[in-house]
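Colleague: I am new to reading protein models, and I would like to go through this one with you slowly, one question at a time.

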Amino acid sequence: MDTTLHGFTTRAIHVGQAPDPATGATIVPIYATSTYTQESLGHHKGFEYGRGDNPTRLALETALASLEHGQHAFAFASGIAACDVVVRLLPAQSHIIAGHDLYGGVYRLFQQVHHDNHRVTYVDLSDSVQLINAIRSDTKILWVETPTNPLLQVYDIEKLAEVAHAAGLLVVVDNTFASPYLQNPLRHGADIVVHSTTKYIGGHSDVLGGAIVVNDDQLANRIKFLQNAAGAIIGPFEAWLTLRGLKTLALRMERHTVNAMKIAEFLQEHPRVRQVYYPGLSKGEAREILARQMKGFGGMISFELGGDADHALETARTVLARFRLFSLAESLGGVESLVGHPATMTHAAIPRAVRESRGIRDGLIRLSVGIEDVEDLLADIAQALGGDH
């Protein structure tokens with residue numbers, strides 16, 4: 001990590017991104033090469049083969065490490081590819097503890113990809129007793145999302161890390177919803193940070209990617225080995241697009257947050273909305289955690305429609321069909337606003353009974369609030385729900 005630059009946006013624009021030494025190009029070039037010519041046997045310029053290293057990818061990894069206050073970062077083809085590598089760090093037949101509110105793709109990774117090798121216990125991480133009771137002799141990792149997907153719960157990383165480390169566990173924090181601009185889990189006790197860089201870091205819904213950031217050298221060596229050996233690397237063009245997005249991350253996150261707060265307050269007062277999930281509306285202990293841990297509330301909101309539970313899916317389908325400015329789409333974190341239905345989209349891999357027990361019901365709608373003019377967004381939500389704002 002470059003310790004000479006302090007400001008977030010300064011680091012996002014400059015760390016790992018010096019002018020190209022060959023041409024003086026201000027922006028890091030796209031090094032579209034699969035291999036590198038060596039000066040002689042055993043003598044090269046740090047690059048041998050594209051799966052192992054690429055200068056464009058290295059620039060992205062260096063910048064990401066700096067922004068997360070880590071020593072090492074590794075870029076992957078997708079967020080779930082990064083998560084898969086973290087699971088591959090574990091010895092066979094390990095036990096994982098994960099928060100019960102988490103992305104459906106990670107649940108699918110645990111339950112359908114690594115189910116023969118590992119076992120997972122899902123707990124409410126706001127309850128330290130549940131966490132302590134779930135720890136076993138073979139438990140290796142505590143997997144945390146904060147804020148969570150899709151119910152935007154906020155957990156105290158320092159408190160969780162204290163409990164986990166006392167039992168010898170590694171703490172993994174998925175920081176996708178917050179982004180490195182709003183939260184840095186390594187500074188609060190996390191051992192591993194993962195991102196879907198597809199989301200806020202890329203920021204324009206035009207590139208897939210993922211990342212892992214760590215401080216520990218031994219962990220870094222193992223992750224580097226798996227990155228090369230398993231090969232789920234990000235390509236040079238995708239790395240370049242992600243770098244381009246990274247440069248405006250701070251500005252975008254500020255606008256996402258301002259817009260989302262206004263929309264959350266509007267939804268909270270709307271007669272057709274039963275409940276709103278947004279960190280900015282938190283009170284009590286959750287608000288205190290936010291003050292210590294994050295410097296903003298982010299751009300994600302979920303809300304549950306009121307009405308007859310037996311017709312919740314039909315009601316949600318009607319509301320979703322009315323949106324005009326918000327696009328009905330998977331994913332999140334782009335400059336444009338998106339609306340989704342977790343139960344049938346992002347969390348469909350979770351069995352219905354399990355989803356509903358965790359609060360992901362058919363009437364739940366998730367918003368990724370973009371950076372458009374907020375009055376236009378409010379008008380679109382109002383007409384979709386039925387009524388004026």
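Colleague: How many residue pairs are in polar contact across the interface of domain 1 and domain 2?

Modeller: This is a predicted model, and the pairs counted here have both residues at pLDDT 80 or more. Across the interface of domain 1 and domain 2, the number of residue pairs in polar contact is 15.

Colleague: Which helix supplies the largest share of the side of domain 1 that touches domain 2?

Modeller: Helices H1 (8-14), H4 (104-113), H6 (157-166) and H7 (179-182) each give at least two residues to that side of domain 1. The largest share amounts to five residues, and the helix that supplies them is H4.

Colleague: What area do domain 1 and domain 2 bury between them?

Modeller: The size of an interface is often given as the accessible area lost when the parts come together. Here 40 residues of domain 1 are in contact with 43 residues of domain 2. Of the area buried between domain 1 and domain 2, 63% is on carbon and sulfur atoms, and the total is about 3400 Å².

Colleague: Which residue forms a salt bridge with Arg-292?

Modeller: Side chains of opposite charge can pair when their charged atoms come close. The count between domain 1 and domain 2 is one salt bridge. For Arg-292, the closest N and O atoms of the salt bridge are 2.4 Å apart, and the partner is Asp-156.

Colleague: Is Asp-156 buried or exposed?

Modeller: A residue counts as buried when its relative accessible area is under 20%. Arg-292, at 47% relative accessibility, is partly exposed. Asp-156 has a relative accessible area of 15%, so Asp-156 is buried.

Colleague: Which strands and helices do the buried residues of H4 pack against?

Modeller: The buried residues of H4 are Gly-104, Gly-105, Val-106, Tyr-107, Leu-109 and Phe-110. They pack against strands E2 (94-99), E3 (118-123) and E4 (139-145), and against helices H3 (79-88) and H13 (352-357).

Colleague: With the side chain of which residue does the side chain of Thr-148 make a polar contact?

Modeller: Thr-148 is found in the loop between E4 and H6, and Thr-148 is buried, because its relative accessible area is 0%. A polar atom of its side chain lies 2.8 Å from the backbone nitrogen of Gln-153. At 2.4 Å, the side chain of Thr-148 also makes a polar contact with the side chain of Asp-101.

Colleague: In which helix do Glu-61 and Arg-57 both lie?

Modeller: Glu-61 forms a salt bridge with Arg-57, and the closest N and O atoms are 3.5 Å apart. Both Glu-61 and Arg-57 are buried. The two residues are four apart, about one turn of the helix, and that helix is H2.

Colleague: How far apart are the closest N and O atoms in the salt bridge of Asp-206 with Arg-244?

Modeller: Asp-206, at 38% relative accessibility, counts as partly exposed, and Arg-244, at 45%, also counts as partly exposed. In the salt bridge of Asp-206 with Arg-244, the distance between the closest N and O atoms is 3.7 Å.

Technical notes
Residues numbered from 1 in each chain as written. Predicted model: local features only at pLDDT ≥ 70, side-chain atom pairs only at ≥ 80, totals over all residues. Heavy atoms only, no water. Contact = heavy atoms within 4.5 Å. Buried area = accessible area lost by both parts, 1.4 Å probe. Salt bridge = Lys/Arg side-chain N within 4 Å of Asp/Glu carboxyl O. Polar contact = N/O pair within 3.5 Å; in protein donor to acceptor, adjacent residues only side chain to side chain. Buried < 20%, exposed > 50% of the residue type's maximum accessible area, 1.4 Å probe, protein only.
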